[in-house]
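Here is a short walk through one protein model. Keep the 3D view open and find each part as it comes up.

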Amino acid sequence: MDQLTQTARALVAPGKGILAADESVGTMSKRLEAAGVPASPQTRRAYRDLLVTTPGLDESISGVILCDETLRQSVAGGTPFPRACAARGIVPGIKVDTGAKPLAGNPEESVTEGLDGLRERLEEYAEMGAGFAKWRGVITIGDGQPTRSCLVANAHALARYAALCQEAGIVPIVEPEVLMDGDHGIERCAAVSADALHTVFAQLIEQGVALESMVLKPNMIVAGKGCCEQPSAAQVAAATVGVLRRTVPAAVPGVAFLSGGQPPAVATVHLQAMHALGPQPWVLTFSFGRALVDPALAAWRGEPGNVELAQDTLAHRARCNAAAAAGRYSDELEPAAA
Ligand code: 5MM
């Protein structure tokens, strides 16, 4: 098996998942400030240091996605972040898109940018130790949205990014995110997500991407945040697995879900409910951002004296999600958080 496929499989190793700690400088600064922490390169570094040095993290986490700023910083003691992750058996990854920008012709929608100069950036990231990369396309559900041009533009960019990653020896995480914003029901989310995934895989195949050497990071199939009829976990699981089975080739080693704004424990319950449906063609795991780190950030509040509590909080959520990724989660695991 080639190195790329080995890395892709390691990222979705049974009972492990990915920590998405790749918030861009703007997003991370807002989240720190909302938690009462002044935003600066130093506080962003201290926060990511806390995350990746959490004791026992490697038991539940296979890879950590970082942003460019963090990849160039070091943990306390001076070890660069990528080396500090790798030393713990955690694959360091890098977010390489440069963000979602208004789509020409349909400016209420977005297309993710970052292809210009990407080959050169990937070369540098590979030298710095990144084993995988991530690119997120954003799709909104609304009146007349998503448009065909939005779906195709984002899928095309994702596929060109993925092909460049594989050329550089880096595993691409392909993230087409259908947002939870809106009052649509679960059926609309299912239809739009199926369309988005179908379009993405058509483009991945057009661009010659090796499906065996990538990881898909999709949204779960849920109702919009503003929908008055919220589905049960069993409905979310059945709809999500159903959409994936109709759109994702079995050659893809793993599907690592984003959490998308779901409350942390709800995202865990949804992942567990998917495993209750039995074996699927691909590994089903997590690549959560907010659903893994929000409780830890709230516990930390920028106080050195709270680092241990914040790390315990992150380790707990990571263990719960790893249990769900192995089909062994139950709410009896939750009191351990106390
Ligand atoms: C962690 O946030 C990631 C980067 O966001 P920005 O570049 O917009 O700051 C984001 O791509 C994240 O990896 C995914 O959306 C999944 O995170 P959630 O919180 O939805 O699990």
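Start at the ligand, and find Gly260. A backbone N or O atom of Gly260 lies 2.7 Å from an oxygen atom of the ligand. Keep in mind that this model is predicted. Side chains reach the ligand too. Asp22 has a side-chain N or O atom 3.2 Å from a ligand oxygen. For Lys217, a polar side-chain atom also sits 3.2 Å from an oxygen atom of the ligand. How much of the ligand does the protein bury? Taken alone, the ligand exposes 500 Å², and the protein buries 89% of that.

Now turn to the strands. Find strand β10, residues 283-288. Is β10 largely enclosed or largely open? Of its 6 residues, 5 are buried, so β10 is largely enclosed by the rest of the structure. Two strands pair with β10. Strand β9, residues 254-257, runs parallel to β10 and is joined to it by 4 bridges.

Next, look at the aromatic rings. The structure holds 3 aromatic pairs. One of them is Tyr47 with Trp300, a stacked pair. Their ring centres are 5.8 Å apart, with 25° between the planes. The pair counts as stacked because that angle is under 30 degrees. Where in the chain do Tyr47 and Trp300 sit? Tyr47 belongs to helix α3, residues 41-52, and Trp300 to helix α11, residues 290-300. The two are 253 residues apart, so the pair links distant parts of the chain. Tyr47 is buried, because its relative accessibility is 1%. Trp300 is buried as well, with a relative accessible area of 5%.

Finish with the cysteines. A disulfide is a covalent bond between the sulfur atoms of two cysteines. How many disulfides are counted here? The count comes to 0. Cys67 is in no disulfide, and the nearest cysteine sulfur, that of Cys85, is 12 Å away. Cys67 is buried, at 4% relative accessibility. The cut-off is 2.5 Å. Cys228 is exposed, because its relative accessibility is 80%.

Note on methods
Residues are numbered from 1 along each chain as its sequence is written. This is a predicted model: local features need pLDDT of at least 70, side-chain atom pairs count only at pLDDT 80 or more; totals for chains, interfaces and linings use all residues. Side-chain values use heavy atoms; hydrogens and water are left out. Rings of Phe, Tyr and Trp (its six-membered ring) pair if their centres lie within 6.5 Å; planes under 30 degrees apart count as stacked, over 60 as edge-to-face and the rest as tilted. Buried means under 20% relative accessible area, exposed over 50%, partly exposed in between (1.4 Å probe, protein chains only). A polar contact is a pair of N or O atoms within 3.5 Å; within protein, one must be able to donate a hydrogen and the other to accept it, and residues adjacent in sequence count only if both atoms are side-chain atoms. Accessible areas come from the Shrake-Rupley method with a 1.4 Å probe; for residues, only the protein chains shown count as cover. Two strands pair if DSSP finds at least two bridges between them.
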